[in-house]
Amino acid sequence: MTQTVTVTGMVLSSAPIGEFDRRIVLLTKEKGKISAFAKGARRPTSHLLGIVNPFSFGEFTLYEGRSSYNLMQGKITNYFTELREDVEAAYYGFYFMEFAGYYAKEYTDETESLKLLYQSLRALLNPHLSNRLIRYIFELKLITVHGEGPQVFSCLGCQKQEGTFAFCARRGGILCENCRKGEPDAIPLDNSTLYTLQYIVASPVEKLYTFVVSDEVLKRLGKILKRYRDVYVDQKFKSLEMLELVADMKD
Ligand SMILES: [Zn+2]
C-alpha cells in the first residue's frame, strides 16, 4: 500500500546521498519530524533543486512508501534567502533548526514549534531585534511548548506570588527569599528579568518578538537559559558551538 500526502513544514537539514540524490529532514505540522528521500534533487535540472535547501518553508508532497517517504514536489512560500546573506543570522537559524529537531519525533504534534521556528527566523531578519535576545526567547519558548518550561509565576517552595525571587534551574523555576536558602546557585532576579521570563512563557508565539530589553536583562537571561539548558537538554548542539565561534559570544 502506498499513497501520496501533502504536508506543511520546513526543511531542517539536507544531506547528499549517492551521486544525484538528497535526504532531507522535515519538521511538519501533520507528521512531526520525518525524513524523506529526494531522488535526483542534485541534478541541475531537477524541479526539487531549491526546495530541498535548509530553511525552505511551504507545502511538500510526499509519496509514502513501505519504509520511507519520497519527496515528489514542493510549493515553497519562504526560502529565507536573506538569511544566507548574513552569516551570523544563518548560524542562529541553523541552531534553531537543530534545537527544534532535537525535541521533534515522528507523529508528535509540532504545530507550535514549527510556528515558533518560522517566527524566530523572521525575527532574525528584523534589524531592530538583537539576535541574542531572539535566541533566548526561542530557547525558553521551545522548551516551554514541549512541556518542560520553568515555573515563573509563583515560588516553587511556598507558592508566594509577590516579593523578591531568584531563579533555580535545578528546581525548575523561581524561589522566594525564604525558600532559596539552601540553593546558593540560584540567580537573583530583578523585576524586568522576571517579567520577561513570564512574558515569554505565557505569550502566544505571534506576540513573542515585540519587545527589547536592557543589556543587563539580556545578560541575566543568557545566564538563566544556559543553566536551564544544562539541566533539561541532554544534548550538545554542533550548530551552537559553530554559532559561538562565529558570533564570538559565550554565555
Ligand atoms: Zn517561597
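**Helix packing, backbone and exposure**

Author: The axes of helix α4 (residues 131-145) and helix α5 (residues 191-202) cross at roughly 50 degrees and come within 9 Å of each other. Axes here are lines fitted to C-alpha atoms, for helices over the stretch in contact, with angles running from 0 to 180 degrees between N-to-C directions. Helices (H or I, at least four residues) and strands (E, at least two) are DSSP runs numbered from the N terminus. The model is predicted, so local features need pLDDT of at least 70 and side-chain atom pairs count only at pLDDT 80 or more, while totals for chains, interfaces and linings use all residues. Residues are numbered from 1 along each chain as its sequence is written, and side-chain values use heavy atoms, with hydrogens and water left out.

Reader: Why are α4 and α5 called oblique to each other?

Author: Angles under 35 degrees count as roughly parallel, over 145 as roughly antiparallel, 65 to 115 as roughly perpendicular, and the rest as oblique. The crossing of α4 and α5 is at roughly 50 degrees, and the pair is therefore oblique. The crossing of α4 past α5 is right-handed; a crossing is right-handed if the near helix is turned clockwise from the far one by less than a right angle, and left-handed if anticlockwise.

Reader: What makes α2 and α3 roughly antiparallel?

Author: Helix α2 (residues 87-103) packs against helix α3 (residues 111-124) at an angle of about 170 degrees, and their axes are 10 Å apart. That angle falls in the antiparallel range, and α2 and α3 are therefore roughly antiparallel. Ala89, Tyr92, Gly93, Phe96, Met97 and Ala100 of α2 meet Leu117, Ser120, Leu121 and Leu124 of α3. This contact of α2 with α3 has eight nonpolar, two polar and no charged residues.

Reader: Is phenylalanine 55 buried or exposed, and how do you know?

Author: Buried means under 20% relative accessible area, exposed over 50%, and partly exposed in between (1.4 Å probe, protein chains only). The value for phenylalanine 55 is 0%, and the residue is therefore buried. Phenylalanine 55 sits in the loop between β3 (32-38) and β4 (57-64) and has a positive phi of about 85 degrees, although it is not a glycine.

Reader: Why is tyrosine 107 called exposed?

Author: Its relative accessible area is 57%, so tyrosine 107 counts as exposed. Tyrosine 107 belongs to the loop between α2 and α3, and its phi is near 75 degrees, a positive value in a residue other than glycine.

Reader: What makes proline 16 exposed?

Author: Proline 16 has a relative accessible area of 52% and is therefore exposed. Proline 16 lies in strand β1 (residues 3-17). Leaving aside its neighbours within four places in sequence, proline 16 contacts Asp21, Arg22 and Arg42.

Reader: How many disulfides are there?

Author: A disulfide is a pair of cysteine sulfur atoms within 2.5 Å, and by this rule the count is zero. Cysteine 176 is buried, because its relative accessible area is 2%. Cysteine 158, at 37%, is therefore partly exposed.

Definitions and conventions
Contact = heavy atoms within 4.5 Å. Nonpolar A, V, L, I, M, F, W, Y, C, P; charged D, E, K, R; others polar.
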